[in-house]
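Subject: Structure handover

Hi,

Here is the structure I promised to pass on. My notes on what turned up in it follow below.

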Amino acid sequence: MQDRIHTYIESLIKKREPIFAEMEQYALEHDVPIMELSGIEALLQMLRIQGPAKILEIGTAIGYSAMRMADALPNTTIVTIERDTERFNEAIHNISRSGLDRQIKVIHADALEISDKMKDYGPFDALFIDAAKGQYLKFFEMYTPYLSENGIIFTDNVLFKGLVVEEYIESKRTRNLVNKIKNYNEWLMNHNEYITSIIPVGDGLAISKKR
Ligand SMILES: C[S@@+](CC[C@H](N)C(=O)[O-])C[C@H]1O[C@@H](n2cnc3c(N)ncnc32)[C@H](O)[C@@H]1O
C-alpha cells in the first residue's frame, strides 16, 4: 500500500527542468544517493512556507538538492558541505552551468571537522542534514548553535528504506547503521529544547524546531 501511494504521488509530480532531470539520471547511473523525489518536493514546500534567508546543508553530493532549493527560493542563499572530491567537483560543475552559483557556496570539507569555521557564514534559518547517517546526532549538535532563533532542522533518511521497523537485518553493517538512526530518532523526539515531527515522505524526513 505504502509503495503504491508513493508511486502515485511521484506520478503526479511535474517534470523537472532538463538540468535536474539530467542530474537525476546521472545520480541513478553513478549510484549517487540524492533525495527521493517526494522527499525533495515536501522539503521545498516547507521551505517555501518558511522563507529562510540562509540554509546550511550537510552533504552536497552532486549539488542536486542545493540547486533545487536555490531554484525554488530565488532570494535564499545556501551553504553546503561535501567531503568527497569527485562529488564536490561535479557539484561545482553543475552549479556553475545552472547559473545558480550566486546563491550557492559549496565547501569542500568534512563537516565533522569544520563546524567552528561555519560561524562566519551564519546564522542560518534552516539546517538540512543529509550526510553520513551514522553521524546525524553529531551534525545536529555541531551545527544547531549556528541557527537563528526560529531556525528549523530538516533531517533526511530517518526511516532508512523502512529498515527502522525491520526486526531482522542480516548485514551487521546495515544493522549498526539502522541502530544509529533509531537512536537518533529517539534522541530527537525526546529532546528538551527541540520539538520534532517525522514525516513518512521520501526516505523519511524529520522536522525539528526550538520549543
Ligand atoms: C545522501 S548524499 C547527499 C545528497 C544531496 N543532499 C541531494 O539530495 O542532492 C550524502 C553526501 O554526504 C557526503 N558526506 C558524508 N559524510 C560527510 C561529512 N562528514 N562531511 C561532508 N560530507 C559528507 C557524502 O560524500 C555524500 O555525497
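Let me begin with the largest pocket: helix 2 gives the largest share of its lining, 5 residues. Helices (H or I, at least four residues) and strands (E, at least two) are DSSP runs, numbered from the N terminus.

Before going further, note that this is a predicted model, where local features need pLDDT of at least 70, side-chain atom pairs count only at pLDDT 80 or more, and totals for chains, interfaces and linings use all residues. Residues are numbered from 1 along each chain as its sequence is written, and side-chain values use heavy atoms, with hydrogens and water left out.

Back to the pocket. Its lining is made up of 44 residues, and Val32, Pro33, Ile34, Arg87 and Lys133 lie nearest the centre. Besides helix 2, the elements that give two or more residues to this lining are strand 1 (54-58), helix 4, strand 2 (77-82) and helix 7 (172-189). For the method: on a 1 Å grid over the protein atoms alone, a pocket is an open set of points where a 1.4 Å probe fits, with protein on both sides within 12 Å along at least five of seven lines, and lining residues have an atom within 4 Å of a point.

Helix 4 deserves a look of its own. Of its 9 residues, 7 are buried, so helix 4 is largely enclosed by the rest of the structure; buried means under 20% relative accessible area with a 1.4 Å probe, protein chains only. Among the buried ones are Tyr64, Arg68 and Met69.

Tyr64 pairs with Phe20: the ring centres are 6.1 Å apart and the planes at 90 degrees, so the pair is edge-to-face (centres within 6.5 Å, planes over 60 degrees apart). Phe20 sits in helix 2 and Tyr64 in helix 4, so this pair ties together parts 44 residues apart in sequence. Arg68 lies over the face of Phe20, 5.5 Å from the ring centre (the cut-offs are CZ of Arg within 6 Å of the centre and within 35 degrees of the ring normal).

Met69 is one of the residues that touch the most other members of the largest nonpolar core, which has 36 residues. Such a core is a set of buried Ala, Val, Leu, Ile, Met, Phe, Trp, Tyr and Cys residues joined through side-chain atoms within 4.5 Å. Its largest share, 6 residues, comes from helix 3.

Happy browsing!

Methods:
Buried < 20%, exposed > 50% of the residue type's maximum accessible area, 1.4 Å probe, protein only. Phe/Tyr/Trp six-rings, centres within 6.5 Å; stacked < 30°, edge-to-face > 60°.
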